[in-house]
Amino acid sequence: MITELTLVFGLLCVVFSVTRSLVASIEERPIWPTLGLGAVGLLLLGIAWYTDPDGLRIGDVPIAVVKLFRVLSD
């Protein structure tokens, strides 16, 4: 379960960091506040990669989302 949580939340943090950086650069604001969110996302992805003995593959993302959805819906 830890792998699924860290994988999904790590990807979300990285995606939000990239989009916030793009918006900040378009609005000519400093992008340094988004670097913290990106670092947290990369840390979570590293933990997910470390805890999965087979390594991470792109097919693991939808499986992790479905597992989390099933656990949260029960």
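Which helix is L68 found in? L68 is found in helix α3, in what is a predicted model. α1 packs against α2 at an angle of about 155° and against α3 at an angle of about 110°.

**Helix α1**

- α1 covers residues 2–26 and has 25 residues.
- From its first C-alpha to its last, α1 reaches 36 Å, which is close to the 36 Å expected at 1.5 Å a residue.
- The buried residues of α1 are T3, E4, T6, L7, V8, G10, C13, S17, S21 and A24.
- The cover over these buried residues includes α2 and α3.
- T6 is in helix α1 and counts as buried because its relative accessibility is 7%, with the cut-off set at under 20%.
- Not counting residues up to four places away in sequence, T6 touches L44, L45, I47 and A48.
- S25 also lies in helix α1, but S25 is partly exposed, with a relative accessible area of 45%.
- S25 and I63 are 38 residues apart along the chain, and their C-alpha atoms are separated by 34 Å.

**The loop after α1**

- α1 is followed by E28, which is found in the loop between α1 and α2.
- Phi of E28 is near 55°, a positive value in a residue other than glycine.
- Most residues other than glycine have a negative phi.
- E28 is exposed because its relative accessible area is 73%, and exposed means over 50%.

**α1 against α2**

- The axes of α1 and α2 are 7 Å apart, and the two helices pack at an angle of about 155°.
- That angle is over 145 degrees, so α1 is roughly antiparallel to α2.
- The crossing in which α1 passes α2 is left-handed.
- L42 has its place in helix α2, residues 32–51, and counts as exposed at 58% relative accessibility.
- L42 and V14 are 28 residues apart in sequence, and their C-alpha atoms are 6.9 Å apart in space.
- Y50 lies in helix α2 and is exposed, with a relative accessible area of 71%.
- Y50 and V15 are 35 residues apart along the chain, with a C-alpha separation of 20 Å.

**α1 against α3**

- The axes of α1 and α3 are 9 Å apart, and the packing angle is about 110°.
- An angle from 65 to 115 degrees counts as roughly perpendicular, and α1 and α3 are therefore roughly perpendicular to each other.
- α1 passes α3 in a left-handed crossing.
- On the α1 side of this contact are E4, L5, L7, V8 and L11.
- On the α3 side are D60, V61, A64, V65, K67 and L68.
- A64 touches E4, L7 and V8, leaving out residues up to four places away in sequence.

**The largest nonpolar core**

- Which residues make up the largest nonpolar core? The core has six residues in all: L7, V8, L45, A48, A64 and L68.
- Two or more residues of this core come from each of α1, α2 and α3 (60–73).
- In soluble globular proteins, nonpolar side chains tend to be buried together.

- Is L68 buried or exposed? L68 counts as buried because its relative accessibility is 9%, and buried means under 20%.
- Leaving aside neighbours within four places in sequence, L68 is in contact with M1, E4, L5 and V8.
- L68 and L5 are 63 residues apart in sequence, yet their C-alpha atoms are 7.4 Å apart in space.
- L68 belongs to the largest nonpolar core and is one of the α3 residues that meet α1.

Conventions. Residues numbered from 1 in each chain as written. Predicted model: local features only at pLDDT ≥ 70, side-chain atom pairs only at ≥ 80, totals over all residues. Heavy atoms only, no water. Helix = DSSP H or I, 4+ residues; strand = E, 2+ residues; numbered from the N terminus. Buried < 20%, exposed > 50% of the residue type's maximum accessible area, 1.4 Å probe, protein only. Core = buried A, V, L, I, M, F, W, Y, C linked by side-chain atoms within 4.5 Å. Contact = heavy atoms within 4.5 Å. Expected span 1.5 Å × (residues − 1). Axes fitted to C-alpha atoms, helices over the stretch in contact; angles between N-to-C directions. Parallel < 35°, antiparallel > 145°, perpendicular 65-115°, else oblique. Left-handed = near helix turned anticlockwise from the far one by under 90°.
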